[in-house]
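Here is my note on the two-chain model you asked me to look over. Please read it with the structure open beside you.

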Amino acid sequence: MTISDERFDFTASAKKKLAITIVAGILLLLVGIYLNIASVSHDGGHATLQTTVTNDLVAFNGANAEQAAGEHHETATWLKRLYTDLWINNVFFAGLGLIGLFFLTLQYVTQSAWSTGFLRIPTAMANWLPIAGVLMLVVFFLGKHDLFHWTHEYLYDKASPEYDALLDGKKGFLNLPFYLIRMVLFFGGWTLFFYYIKKRVFAEDIEEPGVKRWKQIRAASAWFIIFFGYSTSIGAWDWVMSIDPHWFSTLFGWYVFSSWWVSGLALIALIVIILKENGYLSIVTENHLHDLGKFVFGFTIFWAYLWFSQYLLIYYANIPEETVYYIQRLTSDNYRAVFFINLFINFVFPFLFLMTRDSKRKLATMKIAAVIIIAGHWLDFWLMVTPGVMKYEGGFGFMEIGTALIYLGTFLWVTLSNLSKHSLIAKNHPTLEESLHHHI
Amino acid sequence: MAVGKNYLVGVFEDPDVVLDSIKSVRENGVKIHEVFSPHAIHGIDDYLGYKQSRLPIASFFYGLIGCSLALFTIYWMLGFDWPMIIGGKDFVSLPPFIPVTFEFTVLLAAHGMVLTFFIVSDLKPWAKPPVFDERCTDDKYIMAIDLGENKKSKEEINKMLSDSGASEVNEKNFK
């Protein structure tokens, strides 16, 4: 069989397309920044109106600190919005890279064989992890006071009028050194696990066929998944939930994970489909695609389940500290539409669209679903991050699309260039033969 | 399962032989009544030319009925027939209704699907399924061919089965 020598060729035309994506992203971002600066200088009256609403909300939240804090820093709206967008993309794409590694390790731990034919794709996606770690640190240091209210020193000073007892109570966990230690530990841990596993994955290619490497990777995978469980959950509190530091939701870690997981699965499916359309991966048949589709379909429902579990409890308990999260999103014209669009394109649409067997087995339908789900979950992260940082000044426009395109282009560039470095098929993988005969 | 009278029953030792035999028998224009196996054989549906089951479509509509019925009932009861204030919420408030609606959707979809399956497969408690060969629950693969449904003679079909790998071919008559 000649399939074992199949290699992905990262062609000049593919590079050109990605470069165009990135350049288009930069241009859109610049247009967005320009429009933002222009609109802020013309639009003073409108901003006052919005501030009134914000003040009501802050009072409702039981803390005046946010309002007072506004006087401390004078970051321009466009810059603040840029930090927000960078942070959304940091978290979202770090998640996609992480899901690549999680998917890979999950296949080893569960001894799955169906996925062996396309395992190189999630492996390549995980190459984003070290880059994501650096980007997280850089953006955090640049915009920490804008993104994270809790990073302000005066909140913990009892003499200060802005002293915040609630945040002071959380200081044992939510303080700068410990936060940075966690961030470095998580990205460092993920990267180390990834390099350890990656080395053995590709060593298998040039060695005699056997189960030695498979067993090593399986052991590492089991440890990784334990680490992954804790780190993603805590990462979700740190990087997303702590944007609204007074607010908390106990299932937030799961919610962020489910959003990452389903968009990561959709991205794996999308890359498989694009490769198949370009004549690669002939061993990945509609049966494999069907299983990927079931994964996407199933975790779409899982995401909706978590979304609803979070919403229902907060709605029903009606505690001001908790409901503020939804009130922010539902009372603002900037967010209300997206709030419902989010539910529709991440649950209603894929639920109905991917329900039939055929839609999961055909390249064209799966491609549509994958693209929409990836975009939808990006929007989900936008909705998680933006209202907390930008309050009522947030929006969805050129800046958001621009930064998302830049990150997407770069992410795919890293993925595809790493994909082209090795054989596209794990030819000595012990379960490859079983994968070839996968039939459902 | 309407049962005819006279059957030819081919007994096979190996699942792959059965699949090849199904292929050659069908290519010769013989209609197969049913194949019995002690275990599931992957891909046998394709060999037998079975169409994709329409059970999921039925299930979808049972679910849809369950969903609408549950929503309608809760809305009517709590909103109009006997309004009650629960937890300080509006009479008609969607979020608390969702779990019940979900459960009822699953209930109707699942039960409807099972019942439909039973009816379509003629699985009633008093059903007496025809047993072509008792060994099909042990280690043999059985192919039953209804002689009344096929124009070819018994001898021809018998030869076809033997040639394609049947270890024995028996005749089975139901009264």
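Predicted model: local features only at pLDDT ≥ 70, side-chain atom pairs only at ≥ 80, totals over all residues.

1. Local features are described only where pLDDT is at least 70. Side-chain atom pairs count only at pLDDT 80 or more.

2. The contact between the chains. Eight residues of chain B are in contact with eight residues of chain A. On the chain B side, the largest share comes from helix H4 (residues 94-120), which supplies three residues. By class, that side of chain B holds four nonpolar and four polar residues. Charged residues are absent from it.

3. Helix H11 of chain A (residues 286-317) packs with H4(B). Their axes lie 9 Å apart, and the angle is about 135°. H11(A) and H4(B) are therefore oblique to each other. The crossing of H11(A) and H4(B) is left-handed.

4. Residues in that pair. Which residues make the contact between H11(A) and H4(B)? From H11(A) come A:Phe308, A:Tyr311, A:Leu312, A:Tyr315 and A:Tyr316. From H4(B) come B:Pro95, B:Pro96 and B:Ile98. By class, this contact of H11(A) with H4(B) has eight nonpolar residues, with no polar and no charged ones.

5. A helix pair within chain A. Helix H4 (residues 77-109) and helix H8 (residues 176-206) of chain A cross at roughly 50°. Their axes come within 11 Å. H4(A) and H8(A) are therefore oblique to each other. H4(A) passes H8(A) in a left-handed crossing.

6. Residues in the chain A pair. H4(A) brings A:Leu98, A:Leu101, A:Leu104 and A:Thr105. They meet A:Trp190, A:Phe193, A:Phe194 and A:Ile197 in H8(A). By class, the contact of H4(A) with H8(A) has seven nonpolar residues, one polar and no charged.

7. The sheet of chain B. Four strands form an open sheet in the order S2-S3-S1-S4 (chain B), with antiparallel pairing. Strands S2 (34-36) and S4 (168-173) of chain B are the edges, each pairing on one side only. On average, neighbouring strands of this sheet are turned by 25° against each other, direction ignored.

8. How many bridges join S1(B) to S3(B)? Six bridges join strand S1 (residues 6-12) to strand S3 (residues 141-146) of chain B, and the two run antiparallel. B:Tyr7 stands opposite B:Asp146 in S3(B). B:Gly10 stands opposite B:Met143 in S3(B). S2(B) is joined to S3(B) by three bridges, again antiparallel. There, B:Glu34 stands opposite B:Ala144 in S3(B).

9. The helix on the sheet. Which strands does helix H5 of chain B touch? H5(B) (residues 154-163) packs on the sheet of chain B and touches S1, S3 and S4 of that chain. The direction of H5(B) makes about 15° with that of S1(B).

10. Domains of chain B. Chain B is divided into domain 1 (6-51 + 136-173) and domain 2 (55-120). The C-alpha centres of domain 1 and domain 2 of chain B lie 45 Å apart.

Notes
Residues numbered from 1 in each chain as written. Chains lettered and ligands numbered in written order. Contact = placed C-beta atoms within 7 Å. Nonpolar A, V, L, I, M, F, W, Y, C, P; charged D, E, K, R; others polar. Axes fitted to C-alpha atoms, helices over the stretch in contact; angles between N-to-C directions. Parallel < 35°, antiparallel > 145°, perpendicular 65-115°, else oblique. Left-handed = near helix turned anticlockwise from the far one by under 90°. Pairing = 2+ DSSP bridges. Domains from an automatic or database assignment.
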